[in-house]
Amino acid sequence: MTTPPPPPPGYGPPPPGYGAPPPGAAGELASWGLRVQSALIDVVVPFIVADVIYYVSHVLGALVWLAAIAWALYNAYLGGETGQSTGKKMAGTKLINMQTGQPIGGGMGIARYFVHILDGFCLLGYLWPLWDAQKQTFADKILSTVVVKA
């Protein structure tokens with residue numbers, strides 16, 4: 001009886017730590033549902049409210065839109081500076097650098113907010129954490145960040 005041939009390269013067992021938090025991570029990777037929850041609080045709901053108010057009054061709606069933009073940028077800064085935006089704090093998650101396990105800084109938090117534009121193409125980047133081993137969006141991959149449970 002002969003021994004079966006070895007599997008082709010790249011098809012063996014997963015490397016140690018596959019699917020586990022990165023080395024510097026402080027905890028378990030956050031689920032996609034928790035990430036969506038924090039995004040709803042930080043970005044989506046404020047803009048929906050602004051849209052509804054804009055439908056009633058264009059002038060007041062425009063002011064609320066400006067407030068929603070300010071709220072989103074503030075939360076992006078806060079998320080980078082402390083690791084927790086308002087939404088992340090309520091969802092119990094934290095944004096960290098993969099290598100250090102520390103918050104990425106306010107400026108990088110705002111940069112990450114704008115890099116999320118890449119995630120918006122066909123919404124693919126926002127769905128990517130559903131099957132990615134590190135549960136990262138494209139923005140997270142580019143900036144070497146992960147979202148973990150706080």
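The model is a predicted one, so local features need pLDDT of at least 70 and side-chain atom pairs count only at pLDDT 80 or more, while totals for chains, interfaces and linings use all residues. Residues are numbered from 1 along each chain as its sequence is written, and side-chain values use heavy atoms, with hydrogens and water left out.

Let's start with the overall fold. The protein chain has six helices and two strands, taken as DSSP runs numbered from the N terminus (helices are H or I, at least four residues; strands are E, at least two). Read from the N terminus, the order of elements is α-α-α-β-α-α-α-β. Of the chain's 150 residues, 34% count as buried, where buried means under 20% relative accessible area, exposed over 50%, and partly exposed in between (1.4 Å probe, protein chains only).

Next comes the largest pocket, which holds about 660 Å³ of space. A pocket here is an open set of points on a 1 Å grid over the protein atoms alone, where a 1.4 Å probe fits, with protein on both sides within 12 Å along at least five of seven lines; lining residues have an atom within 4 Å of a point. The volume is the space filled by probe spheres set on the points, which are joined across faces, edges and corners. There are 27 lining residues, and Arg35, Ala39, Val43, His116 and Tyr126 are the closest to the centre. Helices H1 (32-56), H2 (58-82) and H4 (106-115) each give two or more residues to the lining, and H1 gives the most, with nine.

Now for the rings. The whole structure contains five aromatic pairs, meaning rings of Phe, Tyr and Trp (its six-membered ring) with centres within 6.5 Å; planes under 30 degrees apart count as stacked, over 60 as edge-to-face and the rest as tilted. One of them joins tryptophan 71 and tyrosine 74 in a tilted arrangement, 6.4 Å centre to centre with 40 degrees between the planes. Both residues lie in helix H2, three residues apart, about one turn of the helix. Tryptophan 71 counts as partly exposed because its relative accessibility is 31%, and tyrosine 74 does so at 44%. Tyrosine 113 and phenylalanine 114 form an edge-to-face pair, 5.3 Å centre to centre with 85 degrees between the planes. Finally, Trp128, Trp131 and Phe138 are linked by ring pairs into a cluster.
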